[in-house]
Amino acid sequence: MELIQPIRHKVWGWPAIVNFILGGMATGFYLVSFLIKNLRGDNLNMFQPIEHKLLAPLLVSLGFLTLTIEAGRPLRAYYLLHNLRRSWMSREIMAGTMFVLLAVLDWFFPHLIFESLAAAAAIGLIISHGFIFNRAKAVTSWNVPIIPIHFLTSSLAMGFGLLLLAAPGSLTLGLDALVIGIICVVLNLMIWIGYLR
């Protein structure tokens, strides 16, 4: 009996990887900032400087922009929304578009409703990323239920890292923000260990 030699397949190119990384980090940044701000009861937006509110939608937009390089025909991108009932890529585009629009709307007209809806769309975008991997039938190691949860926790951990970089000094965040960030990182590590088992 002769065994077939393994072949390295290229599932996605670098533009898709950039999209997953930027989208996950940006939405995680938005969600961690949203959580810290609302746990503090910061109605005056003193925690999150005004320029931070545009960082997340800008990074998500850049991620989507890199996808147009891989797709080759960016003007046909609207076809992606034709299959919302069955395609996680369609849901990703819908959630990402809603997130960008709501986050920018919250920048112009700061209100908890816009911010909360943007946070919900951010969660939808992260979960969509996880299910895109989860539904890739050719890679059996991704076809496990923990993958979307791993994407969510990874996003929060990367978002906290971006928050540390964006803050003028990690000590200015406050102890409560550092505790939330450490919880995100530890939770992601636990999910990762669970995945490896």
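## A chat about a predicted chain

Me: How does arginine 40 count in relative accessibility?
Reply: Arginine 40 counts as partly exposed, because its relative accessibility is 33%, and that class lies between buried (under 20% relative accessible area) and exposed (over 50%), worked out with a 1.4 Å probe and protein chains only.

Me: Ok, and what's the mean pLDDT of the chain?
Reply: The chain has a mean pLDDT of 84, with 81% of its residues at 70 or more. Of its elements, helix α4 (residues 112-134) has the highest mean, 94, while helix α2 (residues 52-71) has the lowest, 86. Where pLDDT is low, the predicted coordinates should not be read in detail.

Me: How many helices and strands are there?
Reply: The chain has six helices and zero strands, where helices (H or I, at least four residues) and strands (E, at least two) are DSSP runs numbered from the N terminus. Of the 197 residues in the chain, 40% are buried.

Me: Back to arginine 40, which residue does it form a salt bridge with?
Reply: Arginine 40 forms its salt bridge with aspartate 176, and the closest N and O atoms are 2.7 Å apart. This pair links distant parts of the chain, since arginine 40 is in helix α1 and aspartate 176 is in helix α6, 136 residues apart. A salt bridge here is a side-chain nitrogen of Lys or Arg within 4 Å of a carboxyl oxygen of Asp or Glu. Aspartate 176 is partly exposed, at 35% relative accessibility.

Me: And how many salt bridges does the structure hold?
Reply: The structure holds two, and one of them joins lysine 37 to glutamate 115, with 3.0 Å between the closest N and O atoms. Because lysine 37 lies in helix α1 and glutamate 115 in helix α4, that pair ties together parts 78 residues apart in sequence.

Me: Is lysine 37 buried or exposed?
Reply: Lysine 37 is buried, because its relative accessible area is 6%, and glutamate 115 is buried as well, with a value of 2%.

Me: New topic, how many aromatic pairs are there in the whole structure?
Reply: A search of the whole structure finds nine. In one of them the ring centres of phenylalanine 20 and phenylalanine 133 are 4.9 Å apart and the planes are at 65 degrees, so this pair is edge-to-face. Phenylalanine 20 is in helix α1 (residues 14-40) and phenylalanine 133 in helix α4, so the pair ties together parts that are 113 residues apart in sequence. For the cut-offs, rings of Phe, Tyr and Trp (its six-membered ring) pair if their centres lie within 6.5 Å, and planes under 30 degrees apart are stacked, over 60 edge-to-face and the rest tilted.

Me: Which residues do ring pairs link into a cluster?
Reply: The cluster is made of Phe20, Phe133, Trp142 and Phe151, linked by ring pairs. Both phenylalanine 20 and phenylalanine 133 are buried.

Note on methods
Residues numbered from 1 in each chain as written. Predicted model: local features only at pLDDT ≥ 70, side-chain atom pairs only at ≥ 80, totals over all residues. Heavy atoms only, no water. pLDDT = per-residue confidence, 0-100.
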